[in-house]
Amino acid sequence: IKDKAKVGKLDYFLFLIEWYRNRYKNGPAELQDEMNAEAAILERSVFEKFKYIFSKLDSEIKPLASSHAILLSHLVRSADPELSKKAADYLIKNFEFLGKSKIKKGDTNQIIETIDSLLGKPELISEDKVRVAFAELIKKGSLDFMQICTIIGWLFTLRPNSKNLAKIFISSFLRTHGLPYGKMVQSWGHNAEPGEITEDGKKEKFTKEEAGKSLAMIIVKNLLWINALEIKQKGSPQFLHDNYGISNFGRFSIQTWIDQYNEREKQGPYGLVVASRNDWNSSSYNDEIFETYENLRKQVQPSHSLRVIEVSSLPKLARSMSKLKRKYQEMPEFVIWSGHSSDKEFFLGPGKHRKRNYKYAIKKLDFEGEAAERISKYLKMFPPTTVMISDSCGNGTEENLPAIAAKAMGVKFIYPKGKTSVQDFGAQRDPEGNLSFDVKYNWDVEAGVAEGKPVAG
């Protein structure tokens, strides 16, 4: 209230309305009723103050400014049924006018607020009517695809009234391109899991709000990437999903996927990125990590292809490796393990399954005793010249997971001696086309190297 002179009148009124509504949201019922009554008085006053602007919708075929439409969205939520009805009527009319011209990028939030507030009042308007009105905006070309994806992403993750409408759009879009709605959305959700995790004795929190915002971004990016891939190479998203397990298209560049699709039958040397489906805090969608892998693609081409597989469990990893060997007649010359890990395990699947199902992580124990015997044929798949690189957390001990794996597999393993990610893979080619790696990790974390003796057989 002290700073009201520094903000616009609308922002000030919206702040007051939300303050009254939420002050005693979890408090005693009598205080909630008192605050709701105060909010209703304020809402009626605000409506009357701006009525002259809203009433223009009765005579002008012209939508409201975004700020006034957002104010109406707040008034639709009023506990005063008469006021709520008036605000909803104006908002519906404004929604119809929006379809008569291109919607500015800055007005995207107006659409989100309008849809969510109307769907929160089923007694005033049905979900079908709102869905049809939104479909009309899309059909008339009032929204570009980026705006559509942004609206859908936010409605799905952060607007509880509107999740069903967003589901319908996402499901229809994915199925049009031969992709399964359930598996795709579940995979995206594994990249934004709220909660707390302890790594190296330190606790990291990822709040529900942070996870919601991250998931909205992930949905938007994947919808945009799938659409762009369909335009460039029709059918490529379905092929990459069916053959390489890819659901998180937004983690890597569009060119990475186009190259992988175009070189799907190409024989010859290649490198492999094993992308863990589990990324509880969305770090794999970080712009810097995205650029690191884009630089890797440029470093290894044209002498080597770069292929990505996405896996969520040990059985799926084993099947993918076997499939690659059958398809390309040889194993990759280098393998990058991209995901979260500790010194004891590399996480593949959803975090909530880590402790109760061994399949969702690669553990040190997998390379010892009877467990090693069971997977010995997979350990022997890789020639001793294979270079493996950990793009996940590690520590400097001689008994960490990369060191144990290197010994068991008879390969070279480059890993970080601390919690970090790869800054630059430093791939270099000699005149004969052989690759070597000078890996640099972020935050000046030193790179460790473990080398195992060739495995018999």
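Helices α4 and α5 are oblique to each other, where angles under 35 degrees count as roughly parallel, over 145 as roughly antiparallel, 65 to 115 as roughly perpendicular and the rest as oblique. The structure is a predicted model, in which local features need pLDDT of at least 70, side-chain atom pairs count only at pLDDT 80 or more, and totals for chains, interfaces and linings use all residues. Residues are numbered from 1 along each chain as its sequence is written, and side-chain values use heavy atoms, with hydrogens and water left out.

The axes of α4 (residues 81-98) and α5 (residues 108-119) cross at roughly 135 degrees and come within 11 Å. These axes are lines fitted to C-alpha atoms over the stretch in contact, with angles running from 0 to 180 degrees between N-to-C directions. On the α4 side, A88, L91, I92, N94, F95 and L98 meet Q110, I111, T114, I115, S117 and L118 of α5 (contact means heavy atoms within 4.5 Å). Of the residues in this contact, 8 are nonpolar, 4 are polar and none is charged; Ala, Val, Leu, Ile, Met, Phe, Trp, Tyr, Cys and Pro count as nonpolar, Asp, Glu, Lys and Arg as charged, and the others, Gly among them, as polar.

Stepping back to the chain, its secondary structure comes to 17 helices and 14 strands, taken as DSSP runs numbered from the N terminus (helices: H or I, at least four residues; strands: E, at least two). The C-alpha trace spans about 85 × 50 × 40 Å along its principal axes. Among contacts with a separation of 6 or more, 71% join residues 24 or more positions apart.
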